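These are my notebook entries on one protein model. I set down what I looked up, in the order in which I looked it up.

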Amino acid sequence: MSKHIQEQLEAGKAAIVEGPKQERSEVRHQIEVDRNFELPKGLYVATVGCYLAFIATTFAAFSTPGLVIPMAIFAVFIVAGFGVPTIWTRLSPDNPSKPMDMGKFAREGIMTNTGRLAPRDAAIQVLILPVLIVLWGLAAVTIAALV
């Protein structure tokens, strides 16, 4: 708990002194932050491409003047949703962690919490939802065209 020490200062029992002088050396980071999740850029681009393909497919099939602005907003959200993390991975220029290239990914796979995944299995896990969304959009467009 804090208290006033004016009485101790006046009685000479306490004194205010300067803190010890320290030389500032370079900033030392004790923890290396890996912000890229080790996935190759190709999987990241394919994911973004699938989401934008869904938006483009539904916009082409159901384009009306009233849907132009919502579809544009959806596209901006997708680009922002993937663009901000891309910028986030580059925030620390002295961070040595880099995304895995496709060659290394094809040779080694990727380490997850449950163990190492083969490249095929990792690609399937990353791309299953975006591909299903594109297929769902194509199915919706086909059904709407036939009905």
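This is a predicted model: local features need pLDDT of at least 70, side-chain atom pairs count only at pLDDT 80 or more; totals for chains, interfaces and linings use all residues.

Entry 1: Which residues of α2 are buried? I listed L43, T47, V48, C50, Y51, F54, I55 and T58. I then looked up how they are placed around the axis: they cover an arc of only 145°, so they lie on the same side of α2. I recalled the general rule that an α-helix has 3.6 residues a turn, so residues three or four places apart point the same way. On the face turned away from the buried side of α2, I noted the exposed residues K41, V45 and A60.

**Entry 2: the partners of α2.** Against which helices do the buried residues of α2 pack? I recorded α3, α4 (102–108) and α5 (119–146).

**Entry 3: the nonpolar cores.** I looked up the largest nonpolar core and counted eight residues in all: C50, Y51, F54, I55, M71, I78, I133 and V134. The elements that give two or more residues to this core are α2, α3 and α5. With four residues, α2 gives the most to this core. Apart from it, I found another core of seven residues, among them L43, F105, I110 and L127.

**Entry 4: the contacts of Y51.** I next looked at Y51, leaving aside its neighbours within four places in sequence. Y51 is in contact with I78, F82, L129, P130 and I133.

**Entry 5: the aromatic pairs.** I noted that a pair of aromatic rings is described by the distance of the centres and the angle of the planes. How many aromatic pairs does the structure hold? I recorded three. One of them joins Y44 and F82, with 5.6 Å centre to centre and 75° between the planes, and is edge-to-face. This pair links distant parts of the chain, 38 residues apart: Y44 is in helix α2 (residues 41–61) and F82 in helix α3 (residues 68–89). Y44 counts as partly exposed because its relative accessibility is 32%. For Y51 and F82, I found the ring centres 5.8 Å apart and the planes at 35°, so this pair is tilted. The pair again links distant parts of the chain, with Y51 in helix α2 and F82 in helix α3, 31 residues apart.

Terms used. Residues are numbered from 1 along each chain as its sequence is written. Side-chain values use heavy atoms; hydrogens and water are left out. Rings of Phe, Tyr and Trp (its six-membered ring) pair if their centres lie within 6.5 Å; planes under 30 degrees apart count as stacked, over 60 as edge-to-face and the rest as tilted. Buried means under 20% relative accessible area, exposed over 50%, partly exposed in between (1.4 Å probe, protein chains only). The arc is that of the directions from the helix axis to the C-beta atoms. Contact means heavy atoms within 4.5 Å. A nonpolar core is a set of buried Ala, Val, Leu, Ile, Met, Phe, Trp, Tyr and Cys residues joined through side-chain atoms within 4.5 Å.
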